[in-house]
Amino acid sequence: MNTMKIHVYAALKDHFEPEFELEGAVDNTDELKLRLQNLNARAGEMLKSCRFAVEEGFIDNAYKLKENDTVIIIPPSSGG
């Protein structure tokens with residue numbers, strides 16, 4: 001079975017464990033957002049503006065997620 005490691009930061013930790021595994025195939029970041037929203041609907045708006053990264057760096061929806069990828073999800077932040 002496909003397993004993907006997910007790491008979330010900042011305010012997303014209010015909606016998910018800081019590190020967890022997601023089972024099942026996920027092809028791209030749009031699909032991942034939907035899966036995560038199904039786990040916690042309250043995170044839906046924040047997920048729309050998050051950045052996603054894997055070992056190679058930041059990714060967009062065109063990146064093909066692979067089994068055993070570790071995905072880093074970074075919500076928008078402000079500060080100076």
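This note goes through salt bridges, rings, surface and backbone points in a predicted model.

1. **Ground rules.** Local features need pLDDT of at least 70, side-chain atom pairs count only at pLDDT 80 or more, and totals for chains, interfaces and linings use all residues. Residues are numbered from 1 along each chain as its sequence is written, and side-chain values use heavy atoms, with hydrogens and water left out.

2. **Salt bridges.** Side chains of opposite charge can pair when their charged atoms come close. A salt bridge here is a side-chain nitrogen of Lys or Arg within 4 Å of a carboxyl oxygen of Asp or Glu. The whole structure holds two of them. One joins Lys-64 to Asp-27, with N to O at 2.8 Å. This pair links distant parts of the chain, 37 residues apart. Lys-64 sits in the loop between strand 4 and strand 5 (70-74). Asp-27 sits in the loop between strand 2 and helix 1. Helices (H or I, at least four residues) and strands (E, at least two) are DSSP runs, numbered from the N terminus. Asp-27 counts as partly exposed because its relative accessibility is 35%. On that scale, buried means under 20% relative accessible area, exposed over 50%, and partly exposed in between (1.4 Å probe, protein chains only).

3. **The helix 2 pair.** Glu-45 forms a salt bridge with Lys-48. Their closest N and O atoms are 2.8 Å apart. Both residues belong to helix 2 (residues 44-48). They are three residues apart, so about one helical turn separates them. Glu-45 and Lys-48 are both exposed.

4. Val-26 lies in the loop between strand 2 (19-23) and helix 1. Its relative accessibility is 4%, so Val-26 counts as buried. Leaving aside neighbours within four places in sequence, Val-26 is in contact (heavy atoms within 4.5 Å) with Met-4, Glu-31, Leu-32, Arg-35 and Leu-65. The C-alpha atoms of Val-26 and Lys-64 are separated by 8.7 Å. Along the chain those two residues are 38 apart.

5. **A buried lysine.** Which side chain of opposite charge is nearest to Lys-33? It is Asp-30, 4.0 Å away. For this search, Lys and Arg count as positive and Asp and Glu as negative, while His and the chain ends are not counted. Lys-33 is buried yet has no salt bridge. The residue is part of helix 1 (residues 29-39). Not counting residues up to four places away in sequence, Lys-33 touches Leu-47, Lys-48 and Phe-52.

6. **Gln-37 in helix 1.** Gln-37 also belongs to helix 1. With a relative accessible area of 33%, Gln-37 is partly exposed. Gln-37 touches Gly-44 and Leu-47, not counting residues up to four places away in sequence. Gln-37 and Lys-48 are eleven residues apart in sequence. Their C-alpha atoms are 9.9 Å apart in space.

7. **Aromatic rings.** A search of the whole structure gives one aromatic pair. The rings of Phe-16 and Phe-20 have centres 5.7 Å apart and planes at 20 degrees, so the pair is stacked. Rings of Phe, Tyr and Trp (its six-membered ring) pair if their centres lie within 6.5 Å; planes under 30 degrees apart count as stacked, over 60 as edge-to-face and the rest as tilted. Phe-16 and Phe-20 are both buried.

8. **Nonpolar surface patch.** Which residues form a nonpolar patch on the surface? They are Tyr-9, Phe-58 and Ile-74, with about 290 Å² of accessible area together. Patches are made of residues with over 30% relative accessible area and no salt bridge; like charges are joined within 9 Å, nonpolar side chains (Val, Leu, Ile, Met, Phe, Trp, Tyr) within 5 Å. Areas come from the Shrake-Rupley method with a 1.4 Å probe; for residues, only the protein chains shown count as cover. Phe-58 is in strand 4 (residues 57-59). At 48% relative accessibility, Phe-58 counts as partly exposed. Tyr-9 is in the loop between strand 1 and strand 2. Tyr-9 is also partly exposed, at 41%. Tyr-9 touches Ile-72, Ile-73, Ile-74 and Pro-75, not counting residues up to four places away in sequence.

9. **Positive phi.** Ala-10 has phi near 50 degrees, a positive value in a residue other than glycine. Ala-10 lies in the loop between strand 1 (3-8) and strand 2. Asn-68 is not a glycine either, and its phi is positive at about 70 degrees. Asn-68 is in the loop between strand 4 and strand 5. Its relative accessibility is 56%, so Asn-68 counts as exposed.
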